[in-house]
4 protein chains.
Amino acid sequence: MLAFANDYSKGAHPAILQRFIDTNRDPQPGYGQDTYSASAAEKIQAACDCPDAQVTFIAGGTQANAVIISTVLKDYQGVIAADTGHVSIHEAGSIEYTGHKVLTIPGHDGKIDAQELAAYIRGFYDDENHIQMVYPGMVYISQPTEYGTLYSKQELTAISDVCHQYDISLFMDGARLGYGLMSPENDLTLPEIAKLVDVFYIGGTKVGALCGEAVVFTHNNQPEYFNNRVKRRGAQLAKGRLIGVQFETLFTDNLYFKISAHAIEMAAQLKAALTEKGYQFFIASPTNQQFVVVTNEKLAALKQEVDFSFWEKIDDDHTAIRLVTSWATTEEEIAALKAVL
Amino acid sequence: MLAFANDYSKGAHPAILQRFIDTNRDPQPGYGQDTYSASAAEKIQAACDCPDAQVTFIAGGTQANAVIISTVLKDYQGVIAADTGHVSIHEAGSIEYTGHKVLTIPGHDGKIDAQELAAYIRGFYDDENHIQMVYPGMVYISQPTEYGTLYSKQELTAISDVCHQYDISLFMDGARLGYGLMSPENDLTLPEIAKLVDVFYIGGTKVGALCGEAVVFTHNNQPEYFNNRVKRRGAQLAKGRLIGVQFETLFTDNLYFKISAHAIEMAAQLKAALTEKGYQFFIASPTNQQFVVVTNEKLAALKQEVDFSFWEKIDDDHTAIRLVTSWATTEEEIAALKAVL
Amino acid sequence: MLAFANDYSKGAHPAILQRFIDTNRDPQPGYGQDTYSASAAEKIQAACDCPDAQVTFIAGGTQANAVIISTVLKDYQGVIAADTGHVSIHEAGSIEYTGHKVLTIPGHDGKIDAQELAAYIRGFYDDENHIQMVYPGMVYISQPTEYGTLYSKQELTAISDVCHQYDISLFMDGARLGYGLMSPENDLTLPEIAKLVDVFYIGGTKVGALCGEAVVFTHNNQPEYFNNRVKRRGAQLAKGRLIGVQFETLFTDNLYFKISAHAIEMAAQLKAALTEKGYQFFIASPTNQQFVVVTNEKLAALKQEVDFSFWEKIDDDHTAIRLVTSWATTEEEIAALKAVL
Amino acid sequence: MLAFANDYSKGAHPAILQRFIDTNRDPQPGYGQDTYSASAAEKIQAACDCPDAQVTFIAGGTQANAVIISTVLKDYQGVIAADTGHVSIHEAGSIEYTGHKVLTIPGHDGKIDAQELAAYIRGFYDDENHIQMVYPGMVYISQPTEYGTLYSKQELTAISDVCHQYDISLFMDGARLGYGLMSPENDLTLPEIAKLVDVFYIGGTKVGALCGEAVVFTHNNQPEYFNNRVKRRGAQLAKGRLIGVQFETLFTDNLYFKISAHAIEMAAQLKAALTEKGYQFFIASPTNQQFVVVTNEKLAALKQEVDFSFWEKIDDDHTAIRLVTSWATTEEEIAALKAVL
C-alpha cells in the first residue's frame, strides 16, 4: 500500500533518531528543565526573530490546543473558530472538557474572514443580552487550515487587527506550519507570524518528529505558572528531553524548513500527476494535503493500492478523498502512485 | 555530577532506540491503531497471563492517573488515596481538574492499610449525612510507593477484598512497577497483580522508555469509548507507534524485567555503601529509591558531587534526601558515588 | 411603565404567598425531604398520568438545564440543540461549564426538524472519523421555544422516534410549558409529553412562582444518586419547602393551567390589538410571547411608555421587539398598552 | 415532635412574607437588577460600614461557596480549609466539581489556627517540589464554625495577617453569621469582619429567610463580569427580587440582628436546661448549635419526642447529638424540650 493517508504515518527524520542516540547517556533534569529543551527554545526564538518568545513543548496537538486555550481564556470567555476548525469538530470535545465554549463562525475553505469576525464580535457587544452569553476571548485559526489552505499576510494582518481592536488573543494552530511556510503561495515568514499572533505552535508530530509541538507565546504573555498548569492538565512529560532533542534537531541547520520544502515539492508532483490524469480537485490547496473528487468505481480501485483518507461524501456517486505528502514521502512513492491513479 | 536524583534523567534503553530506527520507514495508522501497539498489547497480556486485558498506551504518569481515575469514577465519586500518594500531593491538582475529589487516609511509609480502608468506607456509609459527601468509588495505590516500599501479596489481597466487598475499583499506579517486581522482598507476580486489581499501569518512563505508560484494564472493564475519552483529555498521540514500539521492545525477551533487576542490583550496592558509611536510613526501602538522613554539612558536601533529591526537612540540622538507581545506572557510577559518600 | 418585557417581572400568584403564610411555622426536614415537595411531586405525577415519574425541584432554569444535561450525558457525549436554543446561546456557557459540548443544528422559528435531526445523527455515525468527535447523547428542545412557537404532537412524536432509534435521551425545557399547554394551537397534553420525552421540566419561575422548576424524569430513568449530584452542582436548597410549597399550590385545583390560560387570553387580546394597529409580526407565535417589527421612530415612542424586550436589529430602520404577557397581566394593562400602540 | 434538628426547618420571618405581599405586583427587572436587591445591597453596605462593598445575592450556601471559591481562585490555586470545614466534607465535592482542590489543615473545634496556617503556607513555598503542587490561593473559614465556635477578633486578625502576607484571599462563610454576631462571647462587629476578610457572605437561609445568602466582596475585589460568571454556574435567579426583598427586610430596623439575638437567648435557655439536667457537652459552643453526649438509652428516648441531629458516634454506648435553636424557636418549645430532657 502506498502511504498517502496522512503526514504522521511514518517515524521520525533520521537526524532525530541519531540525536537520541548521541544524547542518550547524558543525565538531564526532568519536566522540561533539560538543556536540550532550553537550546531548542533558543533556536526557535532565533527563527522567529523574537527574543522574548516563551517556548514550551507539548506532546501532541489536541493537548497543545486545550492547554493554550484553557490557560489563556478567562473563566467567562470562549474561543472563536471556523465551524470547520479542528477544535470545533475533531478533537472529541477537548475544549469543552476544559469548560470553555467554541464559538463558531463560517469557514471559507477552512479560513475565517476578518470582516465576518469583526461583525461577529461587534454583534456580540451590540446585543443587549450579551451579559448572558459567552464572551469572545480568543480567535483560533490554523495555518495551513484543515483544508490545506493558507492565510495571506494581508488576511492574517486583518484578523490580527480585529483581535487587537477588541483585546482578544489570536492563536494559530501550526500543526502543519512547516508545510505552510514552504508553500510557493505563502507570503508570511515565521517572524511575521510571531508578530501578528499572540500564541502559536510549531507542529512537530506531522513535520518529522515522533511527537511534539512547540508552543510559542510571542509577547511575553505566557500565562503565569504555566508549567504548573501544563502539569495540572497532564501535559508535562517527565523526560522533557524527548521533545527538546527533537526540536533542537529540527531547528538546527534549517532541517525543519528543508524537510517541509521537500514535502511541498512532493505535493507539487502529486498535484501535477492528479491534474494530468484528469482528477477534479475538491479544493485548491497550495500545501501538502490534496483533495480530489472520485467516482465510486475509482474509489474502490484506489483502495486496493493506496492508503488515502476519506474526506466527505459528495453525492451517491462521488466522494472527496485526501492524499497527503510529508517529509518522508519519496519520489518513488509519487511515481508508484502516479502509476495507479 | 553523579546522576542519582531520579530514574528519568537519562534517555532510553538502546534496544528501544535501535527499534525506532528499524521500524522508522514502516507506514502505520495513527491514534494507537498501529501494529506495534497491538503487538505490545499482546505481549503485555501474555506477561500478565490475562488474555482479556485491555491495554492502552498513555504518554506520562500524571496523565495516566487522571485518565484512569476520571473515566472510571462516576460523577459523584472520589478516589481514596494515601495522604502521601502522588495524586494527593504532587500532581498539581490534576485529579481535581477532572472534577473529582481525592479522599485521603493515612499513609504508612507510603502504604494504606486494608483495615483502615475498610473502616473509612464503613464510616462513610454509616454516616447519616453521607448523602452530602463524596462517594468513594476507587482506591488508588502505588507499587512501589512514593517511598519505595512494597505491598505484600497478603496486603494487596486484603485491600482487594475490601474494594470488592464495597464494589469499589482498585487502581495500582505502577510508574516504577518493574523495580517493585524485581525487588528481592517482592512476593507478587504480574499475573497476581492483574487478578487483584481492576486497572493498573506498567510504567515505561521511569523504566527504560523515553515516555509511556501501559494502562491495563484487567477484567474486561475498560470504560466504553475509551479511545474517544483519551482523546477528549488530550492524551492520544497521533503517532501511537512512539509508545507501541517502546513497549513492544520492553516486553520482548524480558527486557523490562532484566533492566529492572539491574536497577535493583545497583540499589543493593548503593544500600550496602550507605550502610557501610554509616548513613541513617529515613525509611527501609527494598526498591530503587533509597532515603537517608544527612546533616547540613554533609548535605552541602554531597551537593558538590552528586545529583540527589531533597526529600524533606527533618529538623534545623538534618534533611532527608533521596538517591535513586535506574536501568541506566552503571557500576562505575555506584563506585564513584561510594567514593564521595 | 407598562410591564410587557417578560413573564418574570412580577412576584408570585397570591395563592402561593398565602400558602407560605399557612405553612410557615410547620417544621420540615431540609434538602427536598419535606412533605410539601412530596405532595407536589405526587400532584405532578397525577397531572402527567405517570405514576413512576421522578420529580425534583430546582430553583431556576439555567440550573435545571445544566443539572439535567450534565447528569444524563455520559462523559463523551454532547447535547444536540437548535442553534437558537437557550442552552446554545443565552446561558453564558453553563453547559460547557459542565464539560459538555452543545451540538447545534438549524432552528426553524426556534424548532428543530425531526428529519434534519436524523440526518445529523446518521451523518455522525457515517463519518469515519466520528471516533474523534463528540457523540450525540441527548436532544434538547424547548416547548414553547424561545420564539414562542410550539411543537405539534406529530412533530414531537417524530423527534421522539428519532431519539429512541439512536438511543438518545429527549429533554424538553418547559420553562414556559403552561403557556404552551394552554395555547389554542397546542395539541399535546402533559401525559403525552411525559410519554414522548425522557425528561422535562415544568417551569414555575415564569408561570406564577417566585422561583422553581419541577424536573420530571418520566421513565424511571433518573440518574442514580441524583440528590447528591444536585447538591454537588450547588443546586440543592436547604429549605426545599420553598419550591415544594409553590408547586403544591400550582398543581392544586389546576391553578397552573388556569393562570397559564389567562396569560394566553391576554396574549390573544394583545395580538388582536397589534393586528388592529397594523403592526407587522416578526414571527407567528401562538403563545404568550409576541414579536413585532417596529420602525426606529415607533421604537423610541414606545420606550417612553412600555417595558418591552429588544429582540434583534432587522436593518438600519427596523427592530424586532418582544411583548410578553403572563399570569399577572391584567386586562387594564392590555387596554393601557392598546392606547399607546 | 419538637423542632431542634437545625435552623432551617421552618419558613421565613413573617415580616418577609408580608413584604412579599406588599411588593408582589411591582414589576421589576430580572437577574438581580431589581430595586429591592439594590436597596438591600445599600443597607448591607451601611451595616458593614463599607461603602465600596459589592453585594450579590445567591440562593444557597453550597452554591455561594462554590461561586466565590471558583471565581476568586486562579486556575492553579486551591482553597485551604479546616479538615472539618463544610467545603471539605459536606458539600458533595462541589468545590472539586469546579476543578479546585480543598487543601486541609487541622481544625480545632472547627477553627483553624493562624500559626498552623502560616506554617502550612511557608512549608508549601519551602518545598522544592511545590511547582508540582496546588498553590494556596484562598483561606476558607466559617463564623460560627460547623461546631458552633467563634473566631475572636484576635484570632481573625492573625489569620487575616497571614493571608495578606502571602497575598491569599480570606473568605468567611457566614451561613450562621447572625448567630455569631449576637453571641455574648463574640467580640467582632460586622464592619470589623468586612475589614479583615476579602469576601464573606451573610447567611439568610438559616437566619430567617426562605433562601438566600448575601455575598459581600469588601475591597472592591469582586471578580470581573461577576454576574455573567454567576449565571454560568447556574446561580442566577430570573426573579432576583426573591432574595432582594428578603435581605432588604432583614436589614431594615435591625431585624437580622434582633432575630439572631432571639435565637441566642433561646440557646442560652437550652444550655441552661441541658446543664441543669446534667448533660455532658461535647463541645463548648457559644452560639445557636449545642452539642451533647448521650447514652444509647437516652438517645432512643429523646427520638420519641425531639427532632435533633445525629452528630457522631462516640463509642458503642454513646453518641454526640446536636440541638439547634433559630430565629423561630419559641420559649414554649424550650419549655417543652426541657420537660423531656
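How many salt bridges does the count give between domain 1 of chain A and domain 2 of chain A? The exercises below take up this boundary and then an interface between chains, in a model that is predicted.

**Exercise 1. Describe the boundary between domain 1 and domain 2 of chain A.**

*Solution.*

Step 1. The domain assignment divides chain A into domain 1, made of 2-7 + 256-340, and domain 2, which covers 14-255. The contact between them draws 23 residues from domain 1 of chain A and 31 residues from domain 2 of chain A, while the centres of the two domains, taken over C-alpha atoms, are 27 Å apart.

Step 2. Together the two domains of chain A bury about 2200 Å², with 63% of that area on carbon and sulfur atoms. On the side of domain 1, Y256(A), F257(A) and P286(A) account for 35% of the area buried against domain 2, which is more than any other three residues supply.

Step 3. To answer the opening question, the count between these domains is one salt bridge. A salt bridge requires a side-chain nitrogen of Lys or Arg within 4 Å of a carboxyl oxygen of Asp or Glu, and D7(A) and R176(A) form one with their closest N and O atoms 2.6 Å apart. Polar contacts between the domains amount to 15 residue pairs, both residues being at pLDDT 80 or more.

Step 4. On the side of domain 1 of chain A that touches domain 2, the elements giving two or more residues are α12 (255-276), β10 (289-295) and β12 (309-313), and the largest share, eight residues, comes from α12(A). By class, this side has 13 nonpolar, six polar and four charged residues.

**Exercise 2. Work out how chain D and chain B are related, and what lies across their interface.**

*Solution.*

Step 1. Chain D is superposed on chain B by a rotation of 180 degrees with 0.0 Å of shift along its axis, at an RMSD of 0.0 Å. The two copies are thus related as by a two-fold rotation axis.

Step 2. Because 100% of the interface residues of chain D are also interface residues in chain B, the copies meet through the same surface. In this contact 21 residues of chain D face 21 residues of chain B, and the area buried is about 1700 Å², of which 51% comes from carbon and sulfur atoms.

Step 3. Two salt bridges are found across the interface of chain D and chain B; E96(B) forms a salt bridge with K101(D), the closest N and O atoms being 2.6 Å apart.

Definitions and conventions
Residues are numbered from 1 along each chain as its sequence is written. Chains are lettered from A and ligands numbered from 1 in the order in which they are written. This is a predicted model: local features need pLDDT of at least 70, side-chain atom pairs count only at pLDDT 80 or more; totals for chains, interfaces and linings use all residues. Side-chain values use heavy atoms; hydrogens and water are left out. Copies are superposed by least squares on the C-alpha atoms of residues with pLDDT of at least 70 in both. Contact means heavy atoms within 4.5 Å. Domain bounds come from an automatic or database domain assignment. Buried area is the accessible area (1.4 Å probe) that two parts lose on being put together, summed over both. A polar contact is a pair of N or O atoms within 3.5 Å; within protein, one must be able to donate a hydrogen and the other to accept it, and residues adjacent in sequence count only if both atoms are side-chain atoms. Helices (H or I, at least four residues) and strands (E, at least two) are DSSP runs, numbered from the N terminus. Ala, Val, Leu, Ile, Met, Phe, Trp, Tyr, Cys and Pro count as nonpolar, Asp, Glu, Lys and Arg as charged, and the others, Gly among them, as polar.
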